[in-house]
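Q: I've got a two-chain model open and I'd like to learn how to read it. Can you walk me through it?

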Amino acid sequence: MHAVMFSIQYGLYGSYYGREVSFVAMELPASAANRKDRGLFRKFKDYFWGMMFLLPAIAVFCLFLWTPIAKGIVYSFMNIDFVNGSYFVGFENYREVFASRDTGIAVRNTIYYMFLGIVIGFWVPSLVAIAISELRWFQGSMRLLVYLPNIVPAVVLYTMWQYLYDPLGPINQFLSWFGMDTILWLADKGMAMIAIVISETWQNFGTTTLIYLAAVVGIPKDQYEAAEIDGAGVLQRIRYITIPGIRHIFVLLFIMQLIGTSQGFQTHIAMTGGGPNNATLTYMYQLTNEAFTRFDYGKASAMGVLMFVVLTTLSIGLYAYQGRSKNA
Amino acid sequence: MSSPRERSIMSVFDFKKPFVLIGYGIMLISLAALAVSMLYPFGTTIFTSFKTKKEVFTFPPSFFPEQLQFSNYLEGFKYVDLNGAFWNTLILFAGNAIIPMIVVAFAGFSLSQMKLPFRKGFTLFFMCTLMIPSATYLIPNFLNLQSLGFIDSYWALWLPAGANAFNIMLLKSFFDGIHTELFEAARIDGASELRCFFQLAVPMSIPVFSTLLIFAFTYTWNDWYWTSLVITTPDKLPIAPVIYHNITQSANLALNTKFSVLTVVMIPPLVFFLIFQKNIIHGLNLSAVKG
């Protein structure tokens with residue numbers, strides 16, 4: 001009886017006292033059943049506020065993230081019809097996705113887009129970061145400057161670059177100074193995707209540059225000192241000290257860029273509308289087309305699930321590869 | 001010794017070698033070129049917005065306008081109701097900032113500083129969602145909001161904004177940096193958990209809150225795709241979708257008129273950035289450290 005009173009009394013004072021109280025209470029005479037009750041009650045008091053603080057997040061995550069994810073998997077096996085009711089169709093949606101000619105085009109375009117993103121965009125930030133870290137003056141302004149394009153709203157970016165890429169626009173004028181022919185950037189089948197990647201690189205490379213920069217600046221300076229004393233040249237120092245120092249970020253940003261670009265579609269919608277001749281129709285673009293123009297939600301969900309399978313396999317594979325090469 | 005500046009990759013001695021100097025010079029020139037290419041598109045956008053219609057269509061295009069035609073701006077505002085869209089953006093931003101911040105801060109504090117059962121399980125529950133591509137739940141999310149009856153209401157954007165594992169991770173790592181002893185001392189002195197949170201944790205985390213504010217602002221100001229899917233009444237749309245439908249996608253508007261509106265749209269984020277640049281860079285570094 002006494003012991004129960006104790007725990008209630010202390011419980012009211014706040015969960016944190018629980019630990020000390022239990023020490024005192026243990027020595028008081030109490031039956032085994034009572035002690036068990038007290039433990040449960042104290043546990044509840046201990047965890048009560050922690051759970052209360054977590055509750056809104058759990059609710060929001062369940063409602064707006066986990067439910068859609070689960071629904072997506074279920075929908076991928078269904079024919080969604082809001083008027084006549086939905087019904088299960090088994091793997092029919094998946095079969096349609098694989099049979100569709102557009103999916104093939106979209107997948108090829110997306111892989112090409114990811115590839116271009118790496119060839120044109122991936123190496124830029126690390127190089128710029130190393131260069132900026134070596135600046136003696138204007139380092140701060142340069143940091144601001146590379147981040148500036150990030151501030152441009154995407155809707156402004158689209159028109160801006162459509163103007164720059166115009167057959168009679170500034171970029172073609174610039175090329176004509178070097179005697180090059182006019183390039184139909186956005187209207188040419190071979191150039192449209194490249195044009196999109198260049199404009200996206202322009203906008204986004206600032207973020208990654210600053211991430212690299214933080215890592216480059218964080219490398220201990222005495223390593224360079226020691227290397228210099230040992231006779232290593234500037235390029236050797238970059239090769240053997242700086243680059244290994246930012247390697248872990250390299251791998252991480254590589255994976256993040258692959259995941260990001262594999263889902264790119266908004267610039268494609270806005271700048272080329274998937275054209276010319278489906279040359280910029282990406283997988284995600286195709287997915288939204290299925291959903292919002294053909295209203296085939298089941299097929300779109302199936303495409304989403306396939307995306308998840310592929311990307312998860314890819315990132316697990318890359319992480320495993322990274323882990324193995326680190327151990328070796 | 002004589003140089004007060006800390007060395008970086010190159011030391012003072014390297015600068016005496018001719019090859020290094022040439023390399024450094026090339027690097028400086030490329031950085032200067034980079035700086036120009038960063039600024040040039042801004043320049044053309046702003047200057048084109050002042051050009052006359054005739055000048056826009058001349059080849060080769062000029063960078064500076066021959067004369068400043070301010071009437072482009074009056075012309076441009078005929079095509080969009082920027083005033084209404086601006087207020088919509090502000091309302092949307094207020095919700096996008098406050099509601100997720102409450103959710104995320106409580107969760108981050110709980111995961112970091114409070115007694116919790118199954119802490120690992122809960123952390124996994126949140127962090128797993130980072131691994132799932134948005135492609136997987138884009139369509140079901142839309143259908144889900146539809147079945148909840150949120151379509152065409154700002155709640156459809158405010159509430160899901162709280163389901164952001166990245167921000168929870170950001171807040172958790174920030175609270176991890178505060179010494180536990182501080183909260184233990186407060187608890188021993190009789191402070192409740194709510195008081196620990198509001199009177200100790202919140203005042204200390206102003207910098208990380210401002211990072212969240214910035215994220216919310218950039219998102220609200222820039223997102224045109226998802227917002228225009230969820231909000232169906234044109235009068236309720238914020239700036240980005242309004243501009244997208246009326247300006248970016250408009251085929252018959254002249255470039256000078258288009259750019260006059262776009263210049264106006266570009267200015268608030270620029271001002272916002274220049275004021276909060278320290279916090280933005282800080283937020284970036286936080287996310288980098290996380291990686």
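Q: How many Å separate the centres of domain 1 of chain B and domain 2 of chain B?

A: Keep in mind that this is a predicted model. Taken over C-alpha atoms, the two centres sit 34 Å apart. The domain assignment puts domain 1 of chain B at 14-72 and domain 2 of chain B at 76-290.

Q: Now the two chains. How many residues of chain B are in contact with chain A?

A: Chain B brings 79 residues, which are in contact with 77 residues of chain A. Helix α14 (residues 255-290) of chain B gives the most to chain B's side, with 13 residues. Chain B's side divides into 54 nonpolar, 18 polar and 7 charged residues.

Q: What describes two packed helices?

A: You use the angle between their axes and the distance between the axes. Take helix α5 (residues 101-133) and helix α14 (residues 283-292) of chain A: their axes come within 7 Å and cross at roughly 145°. From α5(A), the contact uses A:Asp102, A:Thr103, A:Ala106, A:Val107 and A:Thr110, while α14(A) supplies A:Tyr283, A:Tyr285 and A:Gln286. That contact has 4 nonpolar, 3 polar and 1 charged residues.

Q: Is the crossing of α5(A) and α12(A) left-handed or right-handed?

A: α5(A) passes α12(A) in a right-handed crossing. The axes of α5(A) and helix α12 (residues 247-262) of chain A come within 10 Å and cross at roughly 145°. Residues making the contact include A:Tyr113, A:Met114 and A:Phe122 of α5(A), and A:Phe250, A:Phe254 and A:Leu258 of α12(A). The contact splits into 6 nonpolar and 6 polar residues, with no charged ones.

Q: Last one: where does α5(B) bend?

A: Look at B:Phe125, where α5(B) bends by about 30°. For its span, compare the end-to-end reach with what 1.5 Å a residue would give. Helix α5 (residues 119-131) of chain B has 13 residues and reaches 19 Å from its first C-alpha to its last, close to the expected 18 Å.

Methods: Residues are numbered from 1 along each chain as its sequence is written. Chains are lettered from A and ligands numbered from 1 in the order in which they are written. This is a predicted model: local features need pLDDT of at least 70, side-chain atom pairs count only at pLDDT 80 or more; totals for chains, interfaces and linings use all residues. Two residues are in contact if their C-beta atoms, placed from the backbone, lie within 7 Å. Helices (H or I, at least four residues) and strands (E, at least two) are DSSP runs, numbered from the N terminus. Ala, Val, Leu, Ile, Met, Phe, Trp, Tyr, Cys and Pro count as nonpolar, Asp, Glu, Lys and Arg as charged, and the others, Gly among them, as polar. Domain bounds come from an automatic or database domain assignment. Axes are lines fitted to C-alpha atoms, for helices over the stretch in contact, and angles run from 0 to 180 degrees between N-to-C directions. A crossing is left-handed if the near helix is turned anticlockwise from the far one by less than a right angle, and right-handed if clockwise. The expected span of a helix is 1.5 Å times one less than its number of residues. The bend at a residue is the angle between axes fitted to the seven residues ending there and the seven starting there.
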